[in-house]
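The report below is meant to be read alongside the sequence and the coordinates. It goes from the contact between chains to single sites within each chain.

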Amino acid sequence: MPTEQLSERPEGARRLENVVIRFAGDSGDGMQLTGDRFGAQAAAIGNDVATLPNYPAEIRAPAGTVAGVSSYQLHIADHDIRTPGDQPDVLVAMNPAALKANVAELRPGGVIILDTDAFTVLGLEKAGYDVDPLTDGSLDAFQVHGINLTGFAAAAVADHNLKRKDAARTKNMFALGLVSWMFSQPIEDTIAYLHKRFASKPDVQAANVSALRAGWIYGEASEAFANVYEVKPAPLPAGTYRHMKGNKAVAYGLVAAAHQAGMPLFLGAYPITPASEILHELSALASNDVRSFQAEDEIAAIGAAIGGSYAGMLGVTVTSGPGMALKAEALGLAVIMELPLVIVNVQRGGPSTGLPTKTEQSDLLQAIYGRHGEAPMPVIAVRSAADGFDAAMEAARIALAYRTPVILLSDAYIANGSEPWRVPEIEELPFIGIDLATEPNGVDAEGNPVFLPYARDPITLARPLAIPGTPGLTHRIGGLEKADLTGAVSYDPDNHDLMIRTRQSKIDGIDVPPLEVEDPSGPPGSGADVLVIGWGSTWGPIGEACRQVRAEGMKVAQAHLRHIVPLPANLASVLSEYHTVLVPEMNLGQLAGHLRRETLIDTVGYNQTRGMPFRTAELASVITRVIQGIDEDAAGAAGTKPVGDVGARRAALSEAGAAKPAAHAGTATATQHDGTREAGR
Amino acid sequence: MSTVNGKAEEPVGGASGRRAPTVADFTTGQEVRWCPGCGDHAILSTMRGLLPALGVAPENTVVVSGIGCSSRLPYYLDTYGIHSIHGRAPSFATGISINRPDLSVWVVTGDGDALAIGGNHLIHALRRNVNLKILLLNNHIYGLTKGQASPTSKVGTIGPSSPFGSLDNPFNPIALALGAGATFVARTIDTDRRHLTATLTAAAAHKGAALVEIRQGCPTFSAIPRQPNRAAGETSPAESDDPSAPEHGPIRLSPGLPIVFGAKEQWGIVRDPSTGELGIGHGGDSRVVVHDPGTQNSTYAYALARLAETSLAEPPIGVYRSVSAPSFDQLYQERLATARPDGRGDLRTLLKGTDSWTHAG
Ligand SMILES: Cc1ncc(C[n+]2csc(CCOP(=O)(O)OP(=O)(O)O)c2C)c(N)n1
Ligand code: SF4
Ligand SMILES: [Mg+2]
């Protein structure tokens with residue numbers, strides 16, 4: 001059957017505003033690829049898409065076990081969405097373990113497509129099922145489609161002389177074809193993709209394409225599915241779009257920054273999940289004058305990046321928490337040498353190796369304070385996959401303009417998640433190039449022209465940069481304290497004090513945009529009583545939760561911090577306009593503590609560290625409780641407990657603990673700082 | 001002022017059209033702060049004399065150091081330089097060198113800096129063959145932190161942290177460098193300026209990583225007993241019959257010459273033809289080895305380095321190994337050049353990719 005015919009939208013498709021689909025299987029089943037392709041197909045037809053890959057830390061956990069399950073959730077919609085969705089509507093389970101690990105999160109009434117080939121006695125045993133879930137009635141609440149995906153796929157590829165095992169491995173493409181048919185998605189892009197990906201293995205290439213098409217045809221022919229669905233394009237602003245993953249967006253942002261600075265990009269890195277992909281992306285871009293270097297460890301990686309910066313490159317290093325810890329000493333050196341440098345930390349669950357493939361926001365305080373000495377450093381956070389591009393450019397802008405290392409925080413959720421990204425025109429990008437020193441900028445005691453590497457720009461306090469090779473400007477820099485202006489080694493107490501304050505002032509004075517508040521009910525002071533403020537990847541869940549709360553008729557404001565050091569100048573005045581400021585974080589209250597220190601404003605925290613992003617429903621209920629708490633306060637129904645009172649906090653904690661429903665991954669777990677009962681300041 | 005655009009692409013600066021640089025051009029006004037009699041003084045003054053002779057302009061020379069007494073050296077040389085953090089100098093230097101093949105990049109490090117905290121970076125710079133001239137100022141002690149045993153201190157070294165004598169075996173820096181695959185490995189000594197100058201000149205001429213161990217006296221914490229300077233016609237007062245006695249002074253390795261030593265060259269290094277192993281024999285023995293640092297296989301250089309540990313009071317000085325191999329810098333630049341035969345790729349093309357679509361809005 002020719003492809004064109006395959007791609008026609010089935011007649012009479014039922015329109016959906018949005019749908020959440022989760023592909024789940026064994027780590028070896030290719031679920032990440034399947035999900036990624038489905039997302040790309042949806043994006044290409046104009047849907048808004050948000051994705052959440054989830055995979056085990058082991059490359060191959062024991063096959064068929066729950067520990068080895070890998071999944072990929074997608075939310076596709078005909079309107080602007082910001083999260084991958086709370087509960088799947090459709091679950092594709094390639095084996096019993098995948099069913100077991102995911103079925104509890106499926107919406108009641110949702111669709112399950114499962115591969116009956118894997119539901120053998122052994123398969124059930126490995127997954128830890130005592131009774132076959134297909135027969136014991138436990139799935140009665142769902143619409144179950146048991147299909148021999150492996151068998152059909154193997155039959156479809158029988159002509160491609162693959163080994164049995166390899167033939168069976170095309171089952172993921174069969175499943176993708178079937179689900180694509182179900183949601184009226186054309187599969188040409190995926191066919192083109194498969195052609196490229198398996199270009200060197202013609203048999204595998206042809207087999208995957210056959211399985212994909214067979215899946216689509218099966219959907220059409222089998223009549224097993226009563227309905228075909230369609231999600232119409234979302235009204236995104238006009239432009240050229242790409243389905244963009246967070247790590248790739250950061251990589252591209254760095255390349256664009258170097259381009260807009262007129263400098264080569266130099267990356268020093270050491271592999272670490274979930275940051276390695278940035279190293280991989282950049283390593284492939286030598287043609288765009290990206291120089292990448294895989295060092296022997298994270299210390300050498302940042303060392304090389306600093307060396308590159310000193311030599312006139314835009315120096316960059318990328319890592320995750322454990323690597324960040326190793327880089328701390330070199331960061332201090334970059335601070336005192338005042339060299340431009342971008343340090344990307346793609347956060348994962350800590351401490352130590354922690355949850356290496358899961359997300360967390362627990363390196364914020366490390367980023368802000370994690371160096372010895374007074375070593376101030378700008379900190380910027382990426383808020384979503386597509387935002388990685390702009391955030392990386394902004395980090396580079398600050399690094400160059402102020403001659404400072406800048407920490408860019410991302411996390412595993414952003415890194416692996418994806419969404420449509422509007423490709424900017426080059427003319428839209430800011431120019432961030434800097435002037436290098438080429439001539440002496442001072443005179444010595446005898447009136448001879450000299451180069452003063454620590455003379456400063458009166459506005460930015462940036463020092464001049466002279467790169468090796470520039471005649472007449474030879475100078476030495478290093479970790480010892482420098483004399484103001486000359487940069488010579490100085491042990492003078494007053495000079496040290498002056499230099500510490502100067503470096504701090506330089507960072508404090510960085511020009512960052514004011515904090516904006518999103519609140520349809522009015523500007524700060526005349527709109528909502530509750531402001532929800534976040535940083536990093538909580539932007540999406542907080543935004544969706546606020547929309548949900550507003551849809552229920554309540555007022556709530558949202559603000560998001562891209563710049564964490566320095567904070568926007570209007571921060572304190574904005575926060576003080578609200579009765580209650582709620583700070584949801586995937587840590588135990590790191591931003592909340594920082595805000596208190598910087599603004600003397602107490603906030604109410606909502607914290608969890610489960611390695612997964614917040615669910616919209618969970619946050620919406622927290623926000624609702626906070627709003628209702630204020631109303632109760634106003635009615636005098638509840639006495640105000642002083643915030644900061646340890647006893648009150650303990651009490652709130654245990655109340656929250658008592659109210660906590662049975663442990664279940666999909667439930668809100670109120671944790672420390674859950675001050676929803678102590679609303680108000 | 002000009003923007004950085006394109007700057008790194010071509011060699012910048014250069015001494016062309018200017019008078020030849022002098023010692024003064026490489027000397028900073030910074031007061032030199034080492035103990036009187038410290039071997040570092042001699043090494044600094046040798047460097048000041050050597051650099052002008054190499055014909056590289058001060059601005060095209062970068063000296064990177066770690067932390068230690070020895071690592072203060074860059075402050076006293078009027079070139080570009082970084083006094084970095086303990087042990088990490090090779091990493092900074094690598095970032096500079098591979099991006100800027102127009103520069104001459106030197107690393108100055110100590111035995112603690114290079115072999116304890118920085119051991120990892122040293123071996124990797126050597127195995128990659130980064131175009132760095134690495135001067136390892138080996139005083140067999142932690143000088144700056146006041147006399148603790150270092151990775152090159154002899155077993156039994158008494159220091160503030162080893163009051164009953166150190167227990168750990170020392171590294172042999174030459175053997176270590178050879179093991180890491182270094183393409184140029186040499187040893188010299190602070191007290192012999194001619195040898196020092198000749199060795200550093202040979203290192204400077206090497207394309208790729210050059211490791212030079214400079215045995216350096218630290219009169220404050222670890223003096224090397226002064227050796228007779230045979231170049232100046234001095235002989236030891238009582239030449240003993242024992243080839244491992246210290247008064248013979250270090251063996252000098254010269255390419256193409258037999259390895260003989262003693263006042264009357266009565267001793268020599270011989271190779272057992274059946275096993276290939278090296279040992280000490282008589283100077284007239286026909287099995288005396290003719291020194292060849294260009295041997296590709298580093299087994300010979302390694303055996304020579306190890307022999308000294310067991311059979312000689314002083315390790316031989318000279319170039320142990322000098323073989324040519326493409327430098328990492330060169331390979332790195334070639335890789336970049338082949339990746340962009342027509343210059344830098346178009347940014348918009350990259351950003352758009354092959355999977356973009358247009359949305360009418
Ligand atoms: C991270 C770190 N650890 C420890 C030190 C303290 N420290 C400074 S120099 C040094 C040892 C230097 O020994 P060596 O490299 O042999 O240099 P020398 O002073 O002997 O020339 C130590 C331990 C430091 N500066 N930084
Ligand atoms: S302590 Fe030793 S190495 Fe350091 S300056 Fe003094 S003599 Fe030289
Ligand atoms: Mg030492």
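Predicted model: local features only at pLDDT ≥ 70, side-chain atom pairs only at ≥ 80, totals over all residues.

## The interface of chains A and B

Chain A contributes 83 residues to the contact and chain B contributes 70 residues. Together the two chains bury about 6,200 Å², of which 60% lies on carbon and sulfur atoms. On the side of chain A, Arg291(A), Glu296(A) and Arg476(A) supply 11% of the area that this chain buries against chain B, more than any other three residues.

The polar part of the interface comprises 34 residue pairs in polar contact, both residues being at pLDDT 80 or more, and the count of salt bridges between the two chains is six. Helix H12 (residues 298-310) of chain A provides eight residues, the largest share of the side of chain A that touches chain B.

## Salt bridges between the chains

Another is formed by the side chains of Arg348(B) and Glu425(A), at 3.3 Å from N to O. This second pair crosses from helix H9 (residues 347-352) of chain B, which holds Arg348(B), to the loop between strand S16 (418-422) and strand S17 (435-436) of chain A, which holds Glu425(A). Arg348(B) counts as buried because its relative accessibility is 16%, whereas Glu425(A), at 33%, counts as partly exposed.

## Salt bridges within chain A

Over all chains, a search of the whole structure finds 36 salt bridges. Among them is the pair of Arg562(A) and Asp387(A), with the closest N and O atoms 2.2 Å apart. Arg562(A) lies in the loop between strand S23 (557-561) and strand S24 (563-565) of chain A, and Asp387(A) in the loop between strand S14 (379-381) and helix H15 (388-402) of chain A, so the pair ties together parts that are 175 residues apart in sequence. Arg562(A) is partly exposed at 24% relative accessibility, while Asp387(A) is buried, with a relative accessible area of 7%.

The side chains of Glu518(A) and Arg550(A) also meet in a salt bridge, at 3.6 Å from N to O. Since Glu518(A) lies in strand S21 (residues 517-518) of chain A and Arg550(A) in helix H18 (residues 539-551) of chain A, the pair ties together parts that are 32 residues apart in sequence. Glu518(A) is partly exposed, with a relative accessible area of 33%, and Arg550(A) counts as buried at 18% relative accessibility. Elsewhere, salt bridges that share partners join Asp289(A), Arg291(A), Arg340(B) and Arg344(B) into one network.

## The magnesium site in chain B

The magnesium ion (ligand 3) is coordinated by Asp111(B) through OD, Asn139(B) through OD1 and Ile141(B) through O, at 2.0 to 2.2 Å. Along the chain, these donors follow the spacing D-x27-N-x1-I. Asp111(B) belongs to helix H3 (residues 111-117) of chain B and Ile141(B) to strand S6 (residues 141-142) of chain B, so the pair ties together parts that are 30 residues apart in sequence. Both count as buried, Asp111(B) at 2% relative accessibility and Ile141(B) at 4%.

Helix H4 (residues 119-128) of chain B is mostly covered, seven of its 10 residues being buried. The buried residues include His121(B), His124(B) and Arg128(B), and the helix is followed by Asn129(B), whose phi is positive, near 65°.

## Selected residues of chain A

Asp86(A) sits in the loop between strand S4 (69-77) and strand S5 (90-93) of chain A. Although buried, Asp86(A) has no salt bridge, and the nearest side chain of opposite charge, that of Arg615(A), is 5.4 Å away. A polar atom of the Asp86(A) side chain does lie 2.7 Å from the backbone nitrogen of Thr616(A), and the backbone nitrogen of Ala617(A) is likewise 2.7 Å from a polar atom of that side chain.

Ile112(A), in strand S6 (residues 111-115) of chain A, counts as buried at 0% relative accessibility. Its C-alpha atom is separated by 4.8 Å from that of Leu91(A), 21 residues apart along the chain. Ser292(A), in strand S11 (residues 290-294) of chain A, is joined to Ser283(A) by a side-chain polar contact of 3.1 Å, and the contacts of Ser292(A) beyond its sequence neighbours within four places also include Tyr332(B).

Notes: Residues numbered from 1 in each chain as written. Chains lettered and ligands numbered in written order. Heavy atoms only, no water. Helix = DSSP H or I, 4+ residues; strand = E, 2+ residues; numbered from the N terminus. Buried < 20%, exposed > 50% of the residue type's maximum accessible area, 1.4 Å probe, protein only. Lys, Arg positive; Asp, Glu negative; His and termini not counted. Salt bridge = Lys/Arg side-chain N within 4 Å of Asp/Glu carboxyl O. Polar contact = N/O pair within 3.5 Å; in protein donor to acceptor, adjacent residues only side chain to side chain. Donors = N, O, S within 2.8 Å, 3.2 Å for Na, K, Ca; no water. Contact = heavy atoms within 4.5 Å. Buried area = accessible area lost by both parts, 1.4 Å probe.
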